[in-house]
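Please open the structure in a viewer and keep the selection tool at hand.

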Amino acid sequence: MPKALITGITGQDGSYLTEFLLAKGYEVHGIVRRSSSIARERIDHVRVDEHHPSARLFLHYGDLADSSSLGNVLAEVQPDEVYNLAAQSHVRVSFDNPEYTADVTGLGALRVLEAVRRVVPKSRFYQASSSEMFGGVQNEAQSESTPFHPRSPYAVAKVYAYWQTVNYREAYGMHASNGILFNHESPRRGESFVTRKVTLAAARIKMGLQDTLFLGNLDSRRDWGFAGDYVEAMWMMLQQEKADDFVIATGETHSIRELLDVAFGRLDLDWKAYVKIDPRYFRPSEVDFLLGDPSKARKAFGWTPKVTFKQLIEMMTDADLKLAERELRAKSRA
Ligand code: NAP
Ligand code: F7E
């Protein structure tokens with residue numbers, strides 16, 4: 001049975017990748033942080049007692065800031081594939097916590113690479129690289145050959161991790177690949193990212209639980225896809241004979257205004273009546289335009305996205321409406 005180790009297993013992508021790999025017959029191991037509250041709700045539905053003979057999902061304490069924990073878990077698990085998804089992943093927050101972001105998102109990837117090289121050098125390695133690395137590029141589709149111009153501490157840290165991954169491939173012959181993923185979302189997206197913030201607010205407004213939505217820049221454009229489609233691309237990359245770097249995107253770009261149209265429109269609401277601008281959500285330097293060209297991945301291993309932008313935002317809005325209905329019921333019982 002193939003074994004995979006996932007850092008960031010409790011995050012949006014970690015949870016979809018876990019489901020995907022379990023369905024493919026893998027034994028899945030995840031690194032989790034020790035935190036004061038147990039935040040594992042995204043993977044609770046696939047967890048069974050680890051002592052049960054049929055168990056195929058195992059969690060280990062570790063941290064990307066702690067190399068010894070990474071080496072110890074790799075030595076114990078001996079994975080065939082390592083997916084490095086852990087990061088301080090919020091761009092706005094990275095301006096407030098730049099050093100921490102550099103440590104976890106940048107150096108953290110180096111720590112995982114170095115532990116893999118020392119302990120399990122034959123393992124295949126996936127680095128969660130990001131379209132934020134393109135940053136300042138304007139009005140043209142971004143591919144693997146587009147130069148990077150990072151515009152946040154987060155993006156700078158991801159560029160560092162990207163090049164470490166390339167260097168470990170070239171210097172040590174490791175099977176190490178970068179997936180340069182454009183924004184991908186789902187009903188499990190963190191509530192402070194803009195898609196989820198919008199779909200949750202639209203649903204709560206519909207149920208009378210909220211009357212205003214404060215946002216920042218409504219003019220930026222993103223290439224938004226569905227996280228469930230994108231984790232399949234991560235796995236496909238590691239099945240290639242030769243490691244390489246691939247852009248994963250839909251090839252379509254939409255503004256925050258279009259996002260608002262679809263989410264509020266789904267609930268027969270006009271967002272202009274509820275949205276207010278709060279400059280606190282502006283970023284010191286913004287990425288105005290992202291549009292990915294995924295043709296290299298399509299040609300190499302046939303990956304294409306299945307869920308469209310409209311289907312994605314409607315799926316998220318419908319899921320958040322259920323949550324808002326539950327919240328209203330709980331309130332009326334109290
Ligand atoms: P996410 O939901 O924010 O999940 C981040 C994960 O990293 C969580 O499991 C978190 O654990 C873990 N983590 C944070 N700091 C850690 C540390 N010091 N040690 C160990 N684990 C730590 O992110 P996501 O959206 O799933 O994204 C997955 C990866 O892809 C990230 O690296 C992100 O930067 C990158 N990426 C995301 C997108 C996107 O649009 N979603 C696009 C391109 C690249 P806790 O649960 O304990 O907080
Ligand atoms: O912002 C604008 C904001 O925080 C998208 C991460 O997963 O994808 C994500 O980074 C846009 C920006 O995602 C609000 O200014 C307006 O232009 O949802 P976001 P992001 O910064 O693109 C990349 C690919 C990653 O790698 C990251 O890990 O929306 N915006 N008003 C807002 N954004 C937020 N969060 N909140 C607002 O109120």
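A salt bridge is a side-chain nitrogen of Lys or Arg within 4 Å of a carboxyl oxygen of Asp or Glu. The model is predicted, so local features need pLDDT of at least 70 and side-chain atom pairs count only at pLDDT 80 or more, while totals for chains, interfaces and linings use all residues. Residues are numbered from 1 along each chain as its sequence is written, chains are lettered from A and ligands numbered from 1 in the order in which they are written, and side-chain values use heavy atoms, leaving out hydrogens and water.

Select E327 and R204 to begin. These two residues form a salt bridge, with their closest N and O atoms 2.6 Å apart. Because E327 lies in helix α10 (residues 309-333) and R204 in helix α6 (residues 194-206), the pair ties together parts that are 123 residues apart in sequence. Helices (H or I, at least four residues) and strands (E, at least two) are DSSP runs, numbered from the N terminus. R204 is buried, at 18% relative accessibility, and E327 is partly exposed, at 29%. Buried means under 20% relative accessible area, exposed over 50%, and partly exposed in between (1.4 Å probe, protein chains only).

Next, select K310 and E314. Their salt bridge has its closest N and O atoms 3.2 Å apart. The two residues are four apart in helix α10, and are therefore separated by about one helical turn. K310 is partly exposed at 48%, whereas E314 is buried at 16%.

The whole structure contains 18 salt bridges.
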